[in-house]
Amino acid sequence: MTKRGMLIVLSGPSGVGKGTVRKALFDEPDIDFEYSTSMTTRKPRDGEKDGVDYFFVSKEQFEDNIQNGEMLEYAKYVDNYYGTPLKYVNETLESGKDVFLEIEVNGAMQVRANCPDAVFVFLTPPDLMELKHRLIGRGTDDMDVINKRIETAVSEIRMMRNYDYAVLNDEVAKAVERIKLIIRSERLKVTRVMPDYESMLGDN
Ligand SMILES: Nc1ncnc2c1ncn2[C@@H]1O[C@H](COP(=O)(O)OP(=O)(O)OP(=O)(O)O)[C@@H](O)[C@H]1O
Ligand SMILES: Nc1nc2c(ncn2[C@@H]2O[C@H](COP(=O)(O)O)[C@@H](O)[C@H]2O)c(=O)[nH]1
């Protein structure tokens, strides 16, 4: 029987650098995670591609997917829905591949309730001023949206206590190394390696 893959959930306030750190992590030669593309009702930003950055759908389509039980998790974040399609995650994990989710905290807590073996990592900014600078510097949102995201960030950072690991994103390369360390130690957990030993021991 194929061993189920590992599910990693990366959260943290908008603008902390989740996407930047994930892309740098995926460039590492020894990292082989499948990225789960989220679904959202937010309008695409310049350069964002449907099916790559997100599956961009209408509010009606998103609500239909919720009703049909097609979402692993979902949340309303600053006036839009965001969520993880269930089928891709399940099929990929079942095939033995590892899956990476990049989602906000309310969705992450739904995953925590349904996937107890998942690994939960919270990416933190050095401080709130730096977070605001990053959001402004990214240049994708107007000040009204940025202020709402900073407001939300305060309650999100309070949720960090519900995660397994906190990773400071002061420098992208350092954050990547910290996450790699987490992945390495998670792979050594007894609960993950025990099934291999059980099959080695057979009926003895
Ligand atoms: N360690 C860092 N130091 C300085 N700037 C950074 C760092 N990490 C990311 N950034 C910058 O911060 C901005 C926000 O990063 P990014 O879009 O990856 O954040 P995010 O957490 O994925 O945001 P969202 O949740 O809104 O998608 C980008 O302009 C990125 O280049
Ligand atoms: N609960 C979920 N949150 C998600 C998902 N995909 C992205 N996100 C988070 O939403 C905010 C805003 O994203 P943005 O692209 O508009 O900047 C950010 O925190 C994302 O991590 C998801 O599938 N579920």
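A residue counts as buried if 20 or more other C-beta atoms lie within 10 Å of its own, as exposed if 12 or fewer do, and as partly exposed in between, with C-beta atoms placed from the backbone. This is a predicted model, in which local features need pLDDT of at least 70 and side-chain atom pairs count only at pLDDT 80 or more, whereas totals for chains, interfaces and linings use all residues. Residues are numbered from 1 along each chain as its sequence is written, while chains are lettered from A and ligands numbered from 1 in the order in which they are written.

The protein chain has a mean pLDDT (the predictor's confidence in each residue, from 0 to 100) of 96, with 100% of its residues at 70 or more, and the model scores ipTM 0.98 and pTM 0.96. An unreviewed UniProt entry lists residues 5-184 as "domain: Guanylate kinase-like"; such positions follow the numbering used here, feature names are shortened, and annotations may be inferred rather than shown by experiment. This span is 43% helix and 22% strand, and its end C-alpha atoms lie 14 Å apart; helices (H or I, at least four residues) and strands (E, at least two) are DSSP runs, numbered from the N terminus.

**Close-up: Gly 12 and Ser 14 in the loop between β1 and α1**. The unreviewed UniProt entry includes both Gly 12 and Ser 14 in a "binding site" that also lists Pro 13, Gly 15, Val 16, Gly 17, Lys 18 and Gly 19. Gly 12, in the loop that joins β1 (7-11) to α1 (18-26), is buried because 30 other C-beta atoms lie within 10 Å. Residues up to four places away in sequence being left out, Gly 12 touches Lys 18, Phe 122, Leu 123 and Thr 124, where contact requires C-beta atoms, placed from the backbone, within 7 Å. Ser 14 has 22 C-beta neighbours inside 10 Å and is therefore buried; beyond its neighbours within four places in sequence, Ser 14 contacts Leu 135, Arg 149 and Ala 153.

**Close-up: the surroundings of ligand 2**. Of the 14 residues that surround ligand 2, the closest are Ser 38, Tyr 82, Ile 103, Glu 104 and Gly 107. The elements giving two or more residues to this shell are β5 (71-77) and β6 (80-85), and the shell divides into four nonpolar, five polar and five charged residues.

**Close-up: Thr 92 in helix α3 (residues 86-94)**. Thr 92 is partly exposed because 19 other C-beta atoms lie within 10 Å. With residues up to four places away in sequence not counted, Thr 92 touches Gly 5, Glu 34, Lys 97 and Val 99. The C-alpha atoms of Thr 92 and Met 6 are separated by 9.9 Å, although these residues are 86 residues apart along the chain.

Terms used
Two residues are in contact if their C-beta atoms, placed from the backbone, lie within 7 Å. A residue is near a molecule or strand if its C-beta atom, placed from the backbone, lies within 6 Å of it. Ala, Val, Leu, Ile, Met, Phe, Trp, Tyr, Cys and Pro count as nonpolar, Asp, Glu, Lys and Arg as charged, and the others, Gly among them, as polar.
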